[in-house]
Amino acid sequence: MKEACLLLVAFVFGLAAVDVRAEPDPHSYAEPDIVAVRALDLELDVDFARQQLSGTAELTLDWRDPLAHSLVLDTRDLAIESIQGVAADGTTVDLAYTQDPRDPIFGSALRIDTKTAVPNVRIRYHTSPQASGLQWMTPAQTASGKQPFMFSQSQAIHARSWVPLQDTPSVRFTYTAHVTAPKALRVVMSADNDIAHALDGDYRFRMQQPIPSYLLAISVGELDVRSTGPRTAVFAEPSVVAKAAKEFEDTEAMIAAAEKLYGAYRWERYDILVLPASFPFGGMENPRVTFATPTVIAGDKSLVGLIAHELAHSWSGNLVTNANAQHMWLNEGFTSYVENRIVEAVYGKQEADMQLVVSAQELHTEMQGMKAREQLLVTNLEGIDPDEGLSGVPYDKGSWFLRFLESRYGRDAFDPFLRAYFDHFAFHSITTPDFLRYYSENLEGKFPGKVSSADIDAWLHQPGIPSFAPIPHSARFDAVDKAAADFLAGKLAARKLPARHWVTYEWLRFLNALPEKPSIAQMQALDKAWKLTGTGNGEIAFRWYVATVRAGYTQARPEIAAFIERIGRRKLVVPIYSELAKSEDGKAFAIAVYKKAKPGYHPMTQASVEKALGL
Ligand code: BES
Ligand code: ZN
């Protein structure tokens, strides 16, 4: 039966037809060339008192080497209780295994002697309360304060801390899960959530399309649900769900815009789960249900580009996947490009251009502090924690490269090319050379002479942004730039800034125009006129707070403390900690605030903040 299913999957998703060349993944112990996991069946109980998941993971195996009998899996802090081989007739046999010593970045290889090429293995295990991919929260850490909460964040290599598996995006598998949890709580997974499910503590899930391990996701908590369209809904804590549904009411329009450009949405539903504020990222593209920070809810939809981004991953990333983190630009660069196209289609070119200009500007600033090798689109991450390799380069340089191709070939050629690329590699995991082969056959080959191989090399393998890159421009920013210059020259009072109707990105542009060290008087005047300290907009807030620290405008400190205690999103809090750490007095303040904030932070945020503070 299982084999028939695999054949069907292979047929439906065209698994064999595509030229994709394997490359070892430096971040996994697995040996998918010998044996690959094709399906995962989870039976898990959620225990909040122990802060653990416990149960079994059954893996369906595809032995590439029929004579092999060793299965190597990735684990981190997993307690393995027993492992059985499961024969085709269902009979089981206990298997011997060893777990390697724990590597601080990669965890422990689990080596199973399967004796023969068994079709399935069943692993009984439980997680550690310190699992790097899970955050367990007490009721006090949630919005309502009534129920505990738990969520996963598997990307980049944290799935291994809650499921024993081949934790590499080069392997794709389908999954089912049977999850038991305390009644009254809802369980959501990156699978076929039923928005009408009774809160009975007993949930079953199925993900029929083969996905990489980093897209495994689970969350359990006091979650309400509100439908926002024919195939969209939001899950959120009760006090947040109405605001969230309003903020995300354009989601269906975004899906329609993306489908028009890149073909049918292939995952049926697109729901959004709004997590507590400790979620360490802005968003995570878990299939069928994006996980999102509540800080994306600005009240005026000005930050929903983040939803466009996570939705875009339904094509770039979830459908066509980077085979390992060294080719992350294939996920994040393509996605940032598609994100901007969706924003343009739904909110107009002015809005899309402002977003482009801000990211280009911030990429330049960020790259000034980076080593040349860190500025390359294709990187060597051997021995490097993929969480640490995160920068704007795969996102903004990657999408800039695609905009460059767009500008040379024109949308008439480039849009159909991208659409065909998503179809061609759908449900495959690929590397940059795979992309390049497809590009030279289907774009360069068809329209020769528009882009040289030196151009391509400059984008992929040289630091910085090539001198021939198209420069994004926003006419609306011309007025902001003029006002900022006049204000900084003392020619325009803060209260006379034409900012009454500025949208978020105009404010970001203005804040980015402040000098390295603004004067306290300038900061005071801005604050008095525009009440920036205490703003509810996280993107404005963190840039403003960094500027207050640089200026020595310490009046903002109580609000800074409140902000970084409440929010755990790394992008918003780490820059503030880093800036504070530059002075002795600032560092003492930051450490005191961190002590209070730490218990509410996700393990990833704790690690990043401790690094920023040199702890
Ligand atoms: N997939 C990423 C998040 C991620 C990347 C997690 C690498 C772990 C390792 C997600 O799609 C993302 O990029 N989120 C951004 C938001 C986006 C609008 C740039 C974030 O969280 O800030
Ligand atoms: Zn992304």
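**Loops and a zinc site in a predicted model**

Asp77 has its place in the loop between strand E3 (70–75) and strand E4 (79–86), where helices (H or I, at least four residues) and strands (E, at least two) are DSSP runs numbered from the N terminus. This is a predicted model, in which local features need pLDDT of at least 70 and side-chain atom pairs count only at pLDDT 80 or more, while totals for chains, interfaces and linings use all residues. Residues are numbered from 1 along each chain as its sequence is written, ligands are numbered from 1 in the order in which they are written, and side-chain values use heavy atoms, with hydrogens and water left out.

Most residues other than glycine have a negative phi, and most peptide bonds are trans. Asp77, however, has a positive phi, near 55°, and is partly exposed at a relative accessible area of 26%, given that buried means under 20%, exposed over 50% and partly exposed in between (1.4 Å probe, protein chains only). Lys531 also has a positive phi, near 50°; this residue lies in the loop between helix H13 (520–530) and helix H14 (538–551) and counts as exposed, at 61% relative accessibility.

A cis peptide bond, with omega about 0°, joins Gln155 and Ala156, and Ala156 is placed in the loop between strand E10 (149–152) and strand E11 (173–180).

The zinc ion (ligand 2) is coordinated at 1.9 to 2.1 Å by His309 (NE2), His313 (NE2) and Glu332 (OE), and its donors follow the spacing H-x3-H-x18-E along the chain. Donors are N, O and S atoms within 2.8 Å of the metal (3.2 Å for Na, K and Ca), and because water is not among the atoms, sites may look incomplete. Both His309 and His313 are buried.
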